[in-house]
Amino acid sequence: MWLPSCDTPRRRCSAYVPPINEVVFLHSVRKTAAVAAMAASAALVVAACGSSGTSGSSSSSSSGTSTSVPKLSITALNNSFSAMSTLKPLASKGQGNVAVILPDTVSSTRYVEFDAPYLKTALTDAGLKASQFTIQNALGSDATELSDAQTAITKGATVLIVDPLDSGVGAHIESYAKAHGVVVIDYDRLTLGGTRKYYVSFNNVQVGKLIGQGLVSCVAAWKVKSPQVIVMKGAATDNNATLFAQGYDAVLASEFSGSGWKDVSNPAGTWTPDVALSEFQQQLTAHPGINAALIPNDENGAPIIHYLQSKGVKARTFPTTGQDATLTGLQNILNGYQCGTAYKPIYLEAQAAAALAMYIRAKVTPPSTLLNGTTTDPSTKTSVQSVLLTPEWVTTANMNSTVIADKFVPASQLCSGTYAKECTAAGISG
């Protein structure tokens, strides 16, 4: 638990976007008698419309105000962020500001390197001023995440985009927001037992399936005989980790039941890399025959792979897996210590969340062309309207046409030093 910079979406940005505390309230659009008369029939128009384009209009809002409403399609989102500008009419009609709260900087570098700058670009391109949104990181603290949310609401946020550290703090935030009339979008992780309005993420069961299938393919390609596998997991408090495991456990079940594979160990799980290394070392000591590892993300895999290298394990002999297409993960793929990584184009996730926030802020029902699925909260059995995006498995075979083509990782960084030869072999020019 996958391009552009803070000033342009086509470049990589490694700087965290600091919070912006000023709030500017926009003047609401004056209602006319003719507008009010058209509102009821206009609502029916929006409900019936289903255009797949990025532009066009309907005439409704959840507050009863008739207005021209841009209809954004999920298929229009791309790494140029060009579709976001179609939402500018919503910016002038909305009230309050948008607050984004990201969870930490440890479980994945993505929140600093990608989510924060992408969300800034998406909200800016959609027409919000710098004083109309904030982007903060809770730095791994539940108390900080809750405090950030409460402060944002006090300062006038009408929409929260929250990636909860865990469902406990997520539920507290959502309860507080609901009591203050603020709408919450669960970002990347679903808050179990929460009261959010929408959910934006990737199809996380499919992410897990890609990881499991990647290990199966790699074991065959690297000719690993009698695979003895350690199956690792993310943090037990993260619903995404549960969904990832659901996906790869389903894939591996048939291998363990009839293909000669052995399920040797299943540690408790974590998103903290040094804890993951400790889990791995303990299990390898207890089961020295382990010769393959299902690892749920690149961050956890990096210290494990370094440990294997320090023990003299040769390339393409001990399959491991990952997720998030980090620079280190991609280099470990190139040098033959990682089979592949589940790539999630985060620029799509950021734009989808920003788009939902723009509709909510303007009190307009988001179009069906943007909301492409539902997700069931297993705690409450409630169905949550969702944007679910598609991940992709990246290996040396398609690295150039995915993460490099998307400028998710610059070829110049990926192919530096000792990796130049491997890049050339993979058709990547640094």
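Is Cys415 buried or exposed, and what is its relative accessible area? In this predicted model, Cys415 is buried, with a relative accessible area of 9%, and the residue takes part in one of the 2 disulfides that the structure holds.

A disulfide is a covalent bond between the sulfur atoms of two cysteines. The partner of Cys415 is Cys423, and their sulfur atoms lie 2.1 Å apart. The torsion about this S-S bond is about -90°, so the link of Cys415 and Cys423 is left-handed. Cys423 is itself buried, with a relative accessible area of 1%.

The other disulfide joins Cys218 to Cys339, with a distance of 2.2 Å from S to S, and with -85° about the S-S bond this link is left-handed. Cys218 lies in helix H6, which covers residues 204-221, while Cys339 lies in the loop between helix H10 (327-334) and strand S11 (341-343), so the bond ties together parts of the protein that are 121 residues apart in sequence.

The table sets out the two bonds by their geometry.

| Disulfide | S to S distance | Torsion about the S-S bond |
|---|---|---|
| Cys218 and Cys339 | 2.2 Å | -85° |
| Cys415 and Cys423 | 2.1 Å | about -90° |

When the bonded cysteines of the protein chain are numbered in sequence order, the pairing reads 1-2, 3-4.

Technical notes:
Residues are numbered from 1 along each chain as its sequence is written. This is a predicted model: local features need pLDDT of at least 70, side-chain atom pairs count only at pLDDT 80 or more; totals for chains, interfaces and linings use all residues. Side-chain values use heavy atoms; hydrogens and water are left out. A disulfide is a pair of cysteine sulfur atoms within 2.5 Å. Helices (H or I, at least four residues) and strands (E, at least two) are DSSP runs, numbered from the N terminus. Buried means under 20% relative accessible area, exposed over 50%, partly exposed in between (1.4 Å probe, protein chains only).
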